[in-house]
Amino acid sequence: MTEHTKDAKAKPEKKSLLQTLAFFGERRSLVMLGLGFASGLPYMLIFDTLSLWLRDAGLSLTVIGFFSLATLSFSFKFLWAPLVDRARIPFLHGLLGHRRAWMLACQATIILGLLSISAIDPAANLGLMALAAVITGFATATQDIVIDAWRIEVVDTERQGQMAVAVQWGYRGAMIIAGAVPLLLAEHFNWNISYLFMALAVLIGVLATLLAPREAAHTIRPIHAEGVTQARPLELGEWLARLTILLAGALLIGSGLSGDASLLSKIVGSPALADAWTAKPNGVWLQLMGIIAGLAIVAVAASPIPKVSTKPGVYLSTALGSPLKDFLTRFHGVAGLILAAICVYRVSDFVLNIMNPFYRDMGFSLTEIAEIRKVFGIIASMIGVFLGGVVVARLGLMRALVIGAFAQPLSNLMFVLLAMSGHDTGMLFISICLDNLAGGVAGTALIAYMSSLTTAGFTATQYALFSSLYALPGKLIASQSGRIVEASAKAAEQGGPISALKALFTRLPPESFTAAGAKLGVSAPAMAAGYTAFFIYTALIGVVAIVLSFLVAARQDRIQGAKPASA
């Protein structure tokens with residue numbers, strides 16, 4: 001819980017719908033909208049839009065793909081989140097407060113980074129542009145850490161749902177703008193002018209930071225190393241060794257979470273590693289091993305030397321270990337259940353990474369997919385986010401968590417009806433809109449829930465850890481989605497339990513699944529049955545999230561009654 005949380009045993013007053021909606025017009029909510037915009041804009045510019053500029057400059061796809069490593073820092077940002085919790089920005093700290101000082105420093109770095117990119121010709125100075133992109137990506141990831149911490153600390157638990165709505169609206173709006181406006185500017189002027197304007201657009205985030213209300217006085221948890229004596233050269237050498245080991249662990253974690261081992265393969269001198277890392281179907285196990293090995297290396301880097309007390313050992317073990325220890329202590333007996341619920345909660349949604357091929361295999365045109373998915377789907381998603389905030393505010397956090405857990409697998413089953421309908425744009429519209437509505441509700445509920453698990457002094461570190469953790473299982477399982485569909489389709493063709501699903505697809509139009517089945521060597525009904533088995537499988541994964549959500553909700557009194565370790 002944050003320090004703003006009221007007495008855990010007192011039931012929060014239920015807000016009326018009017019009170020819930022009124023919060024979206026308050027200063028904090030409007031500021032959160034601007035900060036969400038500042039978060040999404042540079043991410044899209046570095047991760048996605050920049051690739052178009054590089055391609056226009058005549059660079060190869062290999063080089064362009066390597067630029068995606070600029071966002072590698074997002075995968076392991078929890079490793080330097082303790083620095084955001086503990087370090088003060090000189091001068092700005094006293095002027096703006098701890099969180100806003102960090103926000104402004106990050107935004108200044110992002111603006112300078114984008115201005116630098118706007119002044120570079122990638123064909124002539126590719127290395128310089130890569131450096132500017134990496135710095136901008138690192139500053140953006142750090143800004144995300146701070147924005148999340150400010151969002152959690154500036155309101156109580158009951159209003160985390162509305163704040164989650166505001167940040168997601170701002171973030172998604174920025175991604176839409178960053179995906180379209182720079183292209184239009186580049187078409188009429190050039191890419192350099194385009195990125196110059198985008199650098200100026202980050203000033204929206206600066207304005208939001210300056211208008212943001214100051215959070216409650218930030219308490220920096222002390223690290224007690226007063227009694228430790230160590231020679232200065234030995235201390236510096238140990239710091240260098242530990243940070244080198246920590247960086248190696250971070251590289252492994254980031255490569256595993258991002259699914260990209262390009263940088264890792266260059267460092268170890270094994271080009272084959274990058275190919276094996278992404279190979280189907282066994283590359284996912286290398287990624288998982290990389291994450292586990294990276295976490296183990298980080299643990300070694302942060303562990304004190306047995307029977308020897310050193311300043312680097314005390315500082316790193318406290319900075320990285322105390323936030324986790326605090327969480328495990330406050331939620332003793334239910335911490336594992338909570339972490340399991342976080343990991344599984346969005347898996348049924350994340351594994352739907354083959355939807356565009358599914359729509360094409362059904363016979364939908366690119367225009368039909370674009371109009372419904374990219375226009376109406378986005379609108380439905382933002383409505384779902386808003387509904388999620390209302391549900392959290394009106395029904396409470398735990399009920400919202402359960403509702404979101406139900407929404408996702410039920411929406412996945414709509415795609416079974418879509419497959420049975422064949423090439424039907426009306427059913428495509430309904431399925432996509434319901435899926436995005438459900439995802440918006442579930443996402444908002446989970447963000448609000450993870451926010452409620454943090455405690456003052458460790459907010460940035462703990463939330464960064466939760467947000468890195470919840471996407472991991474879905475990413476690993478999603479890599480097997482195509483394999484599951486094809487294996488199910490072949491099993492349906494050869495007989496067995498899945499073949500019974502073929503009876504649902506005896507009246508398919510000729511354009512639905514025929515070409516896809518021919519490529520795989522199966523009939524159209526078998527191909528449709530393969531997709532149907534996959535959607536049923538994703539819904540069953542969602543049942544696990546439902547069960548875990550009920551188990552967490554059943555222990556709500558115990559969780560809410562847990563006191564911060566500092567109490």
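The model is predicted.

**Salt bridges**
- Arg99 and Asp85 join their side chains in a salt bridge, at 2.8 Å from N to O. Arg99 sits in helix H6 (residues 98-118) and Asp85 in helix H4, so this pair ties together parts that are 14 residues apart in sequence.
- Arg99 is buried, with 0% relative accessibility, and Asp85 is buried too, at 2%. Together with Glu153, Asp85 and Arg99 are linked in a network of salt bridges.
- Arg330 and Asp326 also meet in a salt bridge, at 2.8 Å from N to O. They are four residues apart in helix H15 (residues 311-330), so about one helical turn separates them.
- Glu493 pairs with Lys502, their closest N and O atoms being 3.7 Å apart. Here Glu493 is partly exposed at 33%, and Lys502 is partly exposed at 25%.

**A pair of crossing helices**
- Helix H19 (residues 366-395) and helix H21 (residues 425-452) have axes that come within 6 Å and cross at roughly 35°. The crossing is right-handed.
- In the contact of H19 with H21, 15 residues are nonpolar, nine are polar and two are charged.

**Two phenylalanines with positive phi**
- Phe91 is not a glycine, yet its phi is positive, at about 70°. This residue is in the loop between helix H4 (81-86) and helix H5 (92-96), and it is exposed at 66% relative accessibility.
- Phe513 likewise has a positive phi of about 70°. Its loop runs between helix H24 (481-494) and helix H25 (514-520), and Phe513 is buried, at 0% relative accessibility.

Notes:
Residues are numbered from 1 along each chain as its sequence is written. This is a predicted model: local features need pLDDT of at least 70, side-chain atom pairs count only at pLDDT 80 or more; totals for chains, interfaces and linings use all residues. Side-chain values use heavy atoms; hydrogens and water are left out. Buried means under 20% relative accessible area, exposed over 50%, partly exposed in between (1.4 Å probe, protein chains only). Axes are lines fitted to C-alpha atoms, for helices over the stretch in contact, and angles run from 0 to 180 degrees between N-to-C directions. A crossing is left-handed if the near helix is turned anticlockwise from the far one by less than a right angle, and right-handed if clockwise. Ala, Val, Leu, Ile, Met, Phe, Trp, Tyr, Cys and Pro count as nonpolar, Asp, Glu, Lys and Arg as charged, and the others, Gly among them, as polar. A salt bridge is a side-chain nitrogen of Lys or Arg within 4 Å of a carboxyl oxygen of Asp or Glu.
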